[in-house]
Amino acid sequence: QVQLVESGGGLVQAGGSLRLSCVVSEINLSVNIVAWYQQAPGKERELVATLEVNGRTTYADSVKGRFAISKDNALNTMYLQMNSLKPEDTAVYYCRVPGYVEWGQGTQVTVSS
């Protein structure tokens, strides 16, 4: 059964950092693109970052230079390092493997000003 389990969210002051993790079951991350999304209150879920199999990364303009996506194939886990956090980064963050329908339960990130 495919499962994605996010963790690492929390409450942080503006300028702080958080590292989100997503443990994935039944999908081999070494041969798949991985991605993180965010859903702010009252807004649609939006793509934040992707990591391709060849190591190429893409980021939403709003997080470029502050967020970094990575993965550990041995642990089948993906990460989102979030630095210089801003109040507008407040959202529920979800991991996903594009091509699969499953989503994780999300992890809440709240950035106070």
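Reader: Which residue in β9 is the bridge partner of W36?

Author: In this predicted model, W36 has C95 as its bridge partner in β9. R96, also in β9, is the bridge partner of A35.

Reader: What makes β4 and β9 a pair?

Author: Pairing requires at least two bridges between the strands. β4 and β9 are joined by five bridges, so they count as paired. The two strands run antiparallel.

Reader: How do you know that β4 and β5 pair?

Author: The test is again at least two bridges. β4 and β5 have five, so they pair, and the sense is antiparallel. Y37 stands opposite L47 in β5. β4 and β5 form a hairpin with six residues between the strands. In this hairpin, G42 takes a positive phi near 75°.

Reader: Where do these strands sit in the sheet?

Author: The sheet is open and has six strands, in the order β2-β10-β9-β4-β5-β6, with mixed pairing.

Reader: Why is one side of β2 and of β6 left without a neighbour in the sheet?

Author: β2 (10-13) and β6 (57-59) each have a single partner strand, so both stand at the edges. From one strand to the next, the twist averages 25°.

Reader: Why is T107 called buried?

Author: Buried means under 20% relative accessible area. T107 has 9%, so the term applies. The residue lies in strand β10, which covers residues 107-112.

Reader: Why is β4 described as mostly covered?

Author: Five of the six residues of β4 are buried, each therefore under 20% relative accessible area.

Reader: Which residues touch the most other members of the largest nonpolar core?

Author: That core has 28 residues, and those that touch the most other members are W36, F67, M78, L80, M82 and Y93. Among the strands that each supply at least two residues are β4 (34-39), β7 (67-72), β8 (77-82) and β9 (91-96). β3 gives the most, with four residues.

Reader: What does F67 touch?

Author: Not counting residues up to four places away in sequence, F67 touches V48, Y59, L80, Q81, M82, N83, L85, D89 and Y93.

Key. Residues are numbered from 1 along each chain as its sequence is written. This is a predicted model: local features need pLDDT of at least 70, side-chain atom pairs count only at pLDDT 80 or more; totals for chains, interfaces and linings use all residues. Side-chain values use heavy atoms; hydrogens and water are left out. Buried means under 20% relative accessible area, exposed over 50%, partly exposed in between (1.4 Å probe, protein chains only). A nonpolar core is a set of buried Ala, Val, Leu, Ile, Met, Phe, Trp, Tyr and Cys residues joined through side-chain atoms within 4.5 Å. Contact means heavy atoms within 4.5 Å. Axes are lines fitted to C-alpha atoms, for helices over the stretch in contact, and angles run from 0 to 180 degrees between N-to-C directions.
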